[in-house]
Amino acid sequence: MTMRRREFLAGTAILVLSTMKSRATIISGGLPWTPDAGTPPIPVRPGPWHYFTSDEGRAVEALADRIIPPDPQTPGGKDSGCAVFVDRQLAGPYGRSEGHYNQPPFMPGTKQQGSQSQKGPAAVYREALAALDRYCQSTYQGKRFADLSDEQKDELLKNIEDEKTKLEGIDGKSFFAQVIKDVQTGFFADPIYGGNRDMVAWKMIGYPGARYNYLDWVDRHNERFPLPPVSLMGRADWSPKP
Amino acid sequence: MPKKLPKKDVVIIGLGWTGSILAHELTDEGLDVIAIERGPWRDAPTEFPPNYAQDELRYRIRHELFLRPEQNTFTFRNKMNQTALPIRDWGSFMPPNGVGGGGVHWNAETFRFMPSDFVLKTHLTERYGAAFLPEDMTIQDFGVTYDELEQHYDAFEYLCGTSGTAGNLRGQIQEGGNPFEGPRSRPYPTPAQKQPFSHTLFAKAARELGYKPFPQPSGNLSQAYTNPLGLRMGPCTYCGFCEWFGCGNYSKASPQTTILPLLVRKSNFTARDNSEVLHINLDRSGKHATGVTFVDTGGVEWEQPADLVILSAYTLFNVQMLLNSKIGTPYDPVANKGVIGRNFTHQTISSVNGFFDNKKFNFNPFIASGAIGMCIDEFNGDNFDHGPHGFVGGGYMGQVQTNGRPIQSASVPPGTPKWGAVWKNATRDNYLSTVKPGTGVHGSFYSYRDVYLDLDPTYTDRFGRPLMRMTIDFHDNELKQNAFLTDKFAEIIRAMGAHTLDKQYRKGPYDATDYQTTHLNGGAIMGTDPSTSAINRYLQSWDVPNLFVMGASAFPQNAGYNPTGTVAALAFWAASAIRGQYLKNPGPLVHA
Ligand SMILES: Cc1cc2nc3c(=O)[nH]c(=O)nc-3n(C[C@H](O)[C@H](O)[C@H](O)COP(=O)(O)OP(=O)(O)OC[C@H]3O[C@@H](n4cnc5c(N)ncnc54)[C@H](O)[C@@H]3O)c2cc1C
Ligand code: SF4
């Protein structure tokens, strides 16, 4: 049940053509408005992985921390929740490429024609993370990716990016590009989705988040906007302390 | 067997911008009108209230408000000798879905085309000679003039409450407006929006370089407004969640804010949502439409008979509907014959990001709106002598940055790694001091013999019908145009004080994965000759006179502006022809 509800939060459940949401109606006489009919996002809860195995989860946390390394001011990808974000996204409609055109034949095309893969991101992660660990175990005396030193991780990722290192059976370069995109998306998305914990990414860049009114600020040029960010869940200091 | 519904005077296919305009006009005429819309009913309190509308992941990255390719998509290839493959997830454009159509989640940049854009072929041939145009370029005049459309542009702007500064009032050039625009009969209904810092800086730099910057005409309103239908809108709050999003403030012009609340109260109007029209039905002669067949999301098929059919399903779906309904002769690029699918065009977009010293510049990029911006028009249309440059066409350009939503807009200078500590620091150091105009250079896309739409031989939709196939590539003319304009634009960004520029020229081949705009045009073009156009100057089908086709599918080629101002003006123009001429004497309004 929690899973179903959560799928609404990335919105794509609406495309299931037979859901209640999309039942055909006849509209006449007035606006068809009913109270509380919206679909507000359901916050991601911390807790066990929804999609990843524990090895996969460790690998993605390690990847997230190299893509966004921690520094004294701002936590890295792992502590800001990016792996949790990716896990929850892969467990939902995004992971299954829900809503995409999925009819055969699947033929390879040009770059301009876009992905023609039958596999959704969830399946891609499963295969590629296994290939990454296999490569590490055979190259670094049985160590998995998460167990390498930061220097070893960076060097390997650089080589994968530059196609100097190939992973068996998968396109390592495009997989890593996808992880970069997903992790950075989680870093900057609303914390309601599990990444950007405590709005750390927004504080880092000076983005005020889900605020909706800058009328008083549009002509205050070249001044730093003074208010801290808010998320769709509000702010921690707005909630009464237990 | 479809279930048969009682006959109506008018059936409207698609309740987006043009469908809403026609529904309002024809119900005012007293006709009994039904609109059939593929997607759901959409309104602010349910779908994008201000307590969760501002969600970049949901609305921008996962594009909640748009059509799903599994429901309908297209195949795509660059060249006629390639195999087209399906667009499995959207990229270079985003088809709308649901009541309000693209009006829900557009930016609301509300331009008019220039007078010369409507007589493009004649104008360019007279000025440069026919030999100046590429041989396979198939541009045409629209068959309607700016002067004929002026009152209809005006009607749309007053419907929307468009915020702007007039540049040409009845022939008098106005300070602060766009001096290149066609004469307008009265000022914009509301004054231009206030401009954020980087936008004003662009205007200052442009002015110092000798250009005449003007505020982009905007459907994000500068102040509260009551439109001629009595519907009220609030001032835009520069929330920065505008295009791709619905407005939770009733500040963005859309069918929801400007037409629908009144329309749905009329007793002679009905809408059906979540209902997709499959085809237009014809009688035995093939020259008269009898209504439409549609299927609802419960899988039930219905037949809706009507005397008059308005096709307003958006460019691509209009053309697809005509092909599926076997109305008009499909275009054959080899024989250069036929009309349905010809002169398909898009837009030629590029941009230049400028990186500024963060100790001196703080742009607060999140303070913006969908149609905010300062622009120049010196390089649009034929506003400059193309003789020395060897191309035709152009576009407006400007600092039109609409947001600072970080997933999409956090930028780093060229050469920065894509990940790691260097990326992280660069992201932090540049977010507040980068100018990222989005569609900074908004160039025209002229038509060519080998850029067209037809039915795909391989891939099918969920009903087993062929998908529509897009064959589209950039031609040298557009690439030259873009290189020239992008360099001009970069000079202005440099003059604003940027220390580093990232020039993102538009390069071929056309890439279906790279978002440009959702300004697709042509395929069912208007004109004066039935052998080279699908509809006449009143948007009436040459083949089936009780069918009118709205939308940018009518454009013989695309100008260097956003389309909707012109799309809406044409809709009002067609509505007035239906009301004033057609209904009195149903039949062809133009005899070829
Ligand atoms: C993100 C975005 C930003 C944009 N910004 C701008 C801008 O700033 N300025 C500008 O000028 N233009 C802009 N546009 C373009 C603008 O939205 C369109 O030009 C405009 O909406 C076209 O009006 P229309 O009536 O032709 O189509 P739409 O408004 O798209 O309406 C068509 C309707 O038909 C429905 N439909 C389709 N097929 C069927 C069928 N078979 N049966 C039933 N219903 C069907 C669709 O669901 C849709 O609701 C933007 C578009 C997008 C996507
Ligand atoms: S920028 Fe203005 S018009 Fe656009 S969504 Fe926000 S408040 Fe509405």
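Student: What should I know before reading the model?

Tutor: Residues are numbered from 1 along each chain as its sequence is written, and chains are lettered from A and ligands numbered from 1 in the order in which they are written. In this predicted model local features need pLDDT of at least 70, side-chain atom pairs count only at pLDDT 80 or more, and totals for chains, interfaces and linings use all residues, while side-chain values use heavy atoms, with hydrogens and water left out.

Student: How many residues surround ligand 1?

Tutor: A residue is near a molecule if one of its heavy atoms lies within 4 Å of it. Here 37 residues surround ligand 1, and Thr18(B) and Glu37(B) are among the closest.

Student: Which atom of ligand 1 does the side chain of Thr18(B) approach?

Tutor: A polar contact is a pair of N or O atoms within 3.5 Å. A polar side-chain atom of Thr18(B) lies 2.7 Å from an oxygen atom of ligand 1.

Student: Where is the cis peptide bond of chain A?

Tutor: It joins Pro104(A) to Pro105(A), with omega near -5 degrees.

Student: Is Asn364(B) buried or exposed?

Tutor: Buried means under 20% relative accessible area, exposed over 50%, and partly exposed in between, with a 1.4 Å probe and protein chains only. Asn364(B) has 4%, so Asn364(B) is buried. Its phi is near 40 degrees, a positive value in a residue other than glycine.

Student: And what about Tyr314(B)?

Tutor: Tyr314(B) has 22% relative accessibility and counts as partly exposed. Phi of Tyr314(B) is also positive, near 90 degrees.

Technical notes. Polar contact = N/O pair within 3.5 Å; in protein donor to acceptor, adjacent residues only side chain to side chain.
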